[in-house]
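Here is a short tour to read beside the model. Have the sequence and the 3D view open as you go.

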Amino acid sequence: MITFDSVNKRYESGQDALVRISLEIGRGELVFLTGHSGAGKSTLLKLLTAIERPTRGSILVAGQNLNRLRNGQIPYYRRNLGIVFQNHQLLFDRSVYDNVALPLSVSGCSKREVGRRVRAALDKVGLLHKERQNPIVLSGGEQQRVGIARAVVNKPAVLVADEPTGNLDPQLSAEIMQLFSDFNAVGVTVMVASHDLELIARMKRRVLTLQAGQLIYDGTPSREAAYS
Amino acid sequence: MEPRAVKQPTPSSARPRRSQRPAPEPKAQRSTGAIAARTGLGDRWRAWLGHHREMAGESLRRFFATPLASGMTALVIAIALALPAALQLGLVNFQRAVAGWDGQPQISVFLHRDAREAAVESFAEELRADADIAEVTYISPEEALAEFQQSSGLGDAMTGLDNNPLPAVLLVRPRDTAEERLEALAERLRDSAMTDAVVLDMAWVQRLAQLTELGRRLSAGLAALLALGVLLVVVNTIRLHIENRREEILVVKLVGATDAFVRRPFLYSGLCYGFFGGLLAWLLVAAGVALLSGPVAGLSSSYGSGYALRGPGPSYLLALTAGAALLGLIGAWLAVARHIKAIEPR
């Protein structure tokens, strides 16, 4: 589903953010991306979401070569991608419902369809009863769940999350991770960047670890390895 | 027939269809998400129209949500547009007022005060027969006096006079208006024994034409300059709107909004500012005309004319609102072309 083929990313400042990254993520996989801040996690996600372009190498997502994506095609590419942000990026000038409906109105969904899908997404994250509220009155965990509902409302084939549990306590973090597991269970390819090693170890999923822009680990760690 | 049987729905081919059913529960197989997200052409067209309607309504709501700020911007646009519009209207009125003089020079022949009525009549008949003269209007001293008393407001002073100080006048309209022929005709009239003085208002006619042309160019230049001003006002206002909604622009771009989608609300806002600015400009001009029409009517009646100031009609309303809306749209377009490109997720 996602293929990186010796991808390099050098920023204009001359800093090498990613060095010869090659990886393959299959359809329907759930993968964690870890590493210290500055290791290249965000850069990798930016390449995946077509915010940045690789300096060298190629990236394939669902058979589409991102290098060949023209600027005008980027919006259409992103519609098949669900993105969850650390600071959830909700708009506080509209209701929870309208926040979740955003990707649908952007892609031109009919009103009826929008209502149906938004409610399905909100139901999935357990916030259907809060659709009329302004997200500003919700708790941090709820806000993040609204962000996740917005990411999945378009039924994307790939879900990308950048530190989705960054500001949450362990209990809420576990709930959020469980949500990603649930989406993965119905076939969505999920990539979660996180530095919550304990939580990741408990999930027992494939982990990619970046260090100084290089991929230093790719595998499923045992519980003991995470604690050592 | 046989190959067709192979195409019977198998579990695997039923899967994508399942995700397109009207009400699939979220648990449905999701590997076909990309396909499910695609919508039909008709749906898309309806959604596009719907978004336009929505954005038009939203820009109106935003305009009236901050009435003071929006009103001030619209007023700036209105004042900038009202100026050239008023000048243009003034020009039209001026041309209408002097329409009778336009290119039709007239020779006023003042007759000797002691010329007798009968002699004057026969002189007028003689002139009417002249091949060079199209029309002769006789104004007797009594008529001249009556008109003067009525229109000058000096009626009381005139009644105190013993005798009529005004001479009889023949207004001669020449057939040929070429300058040398006019001069020749004026010379001929001047030579007549009946004539006291001859006034050929040729220079006045030329001056008038030049004055009108000057006014026209002035108003065109002013209009161009102030249109540029309106454009800059809209560009700046929309730039501020874009800055205020930076966050929102970033988010919608990340969830797959095209530039056209992001531009749309701002273009409608520009249109809104322009339209209401134009409407206000028309109201300003109309109010100005209402304010001036009283004095102008008095002034024109003092000149013995029933001239009334013409207000900005529906054509002005249409031109101002449509022109201003267009300016607003162009200004908004300039602003979004520059600033929305610059707001990209980083």
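In which sense do strand β1 and strand β4 of chain A pair, and over how many bridges? Strand β1 (residues 2-10) and strand β4 (residues 56-61) of chain A pair in the antiparallel sense over 5 bridges. Please keep in mind that this is a predicted model, in which local features need pLDDT of at least 70 and side-chain atom pairs count only at pLDDT 80 or more, while totals for chains, interfaces and linings use all residues. Residues are numbered from 1 along each chain as its sequence is written, and chains are lettered from A and ligands numbered from 1 in the order in which they are written.

**The antiparallel sheet**

- In chain A, 4 strands form an open sheet in the order β2-β1-β4-β5, with antiparallel pairing (strands pair if DSSP finds at least two bridges between them; helices, H or I of at least four residues, and strands, E of at least two, are DSSP runs numbered from the N terminus).
- Its edge strands, each pairing on one side only, are β2 (16-25) and β5 (64-65) of chain A.
- Opposite Phe4(A) you will find Ile59(A) in β4(A).

**The mixed sheet**

- Another open sheet in chain A has 6 strands in the order β6-β7-β8-β3-β9-β10, and the pairing is mixed.
- At its edges are β6 (81-84) and β10 (214-219) of chain A, each pairing on one side only.
- From one strand to the next, the twist averages 15° (axes are lines fitted to C-alpha atoms, for helices over the stretch in contact, and angles run from 0 to 180 degrees between N-to-C directions).
- Strands β3 (residues 30-34) and β9 (residues 206-211) of chain A run parallel and are joined by 4 bridges; Phe32(A) has Val207(A) as its bridge partner in β9(A).

**Helices on the sheets**

- Helix α1 (residues 41-48) of chain A lies across β3, β7 (158-162), β8 (189-193) and β9 of chain A, running at about 150° to β7(A).
- Helix α6 (residues 170-185) of chain A touches β3, β7 and β8 of chain A, and its direction makes about 155° with that of β8(A).

**Nonpolar cores**

- The largest nonpolar core has 72 residues, and those with the most contacts inside it include Val100(A) and Ala149(A) (a core is a set of buried Ala, Val, Leu, Ile, Met, Phe, Trp, Tyr and Cys residues joined through C-beta atoms within 7 Å; buried means that 20 or more other C-beta atoms lie within 10 Å of the residue's own, with C-beta atoms placed from the backbone).
- Helix α3 (residues 96-106) of chain A gives the largest share of this core, 7 residues.

Note on methods
Contact = placed C-beta atoms within 7 Å. Buried ≥ 20, exposed ≤ 12 C-beta atoms within 10 Å, placed from the backbone.
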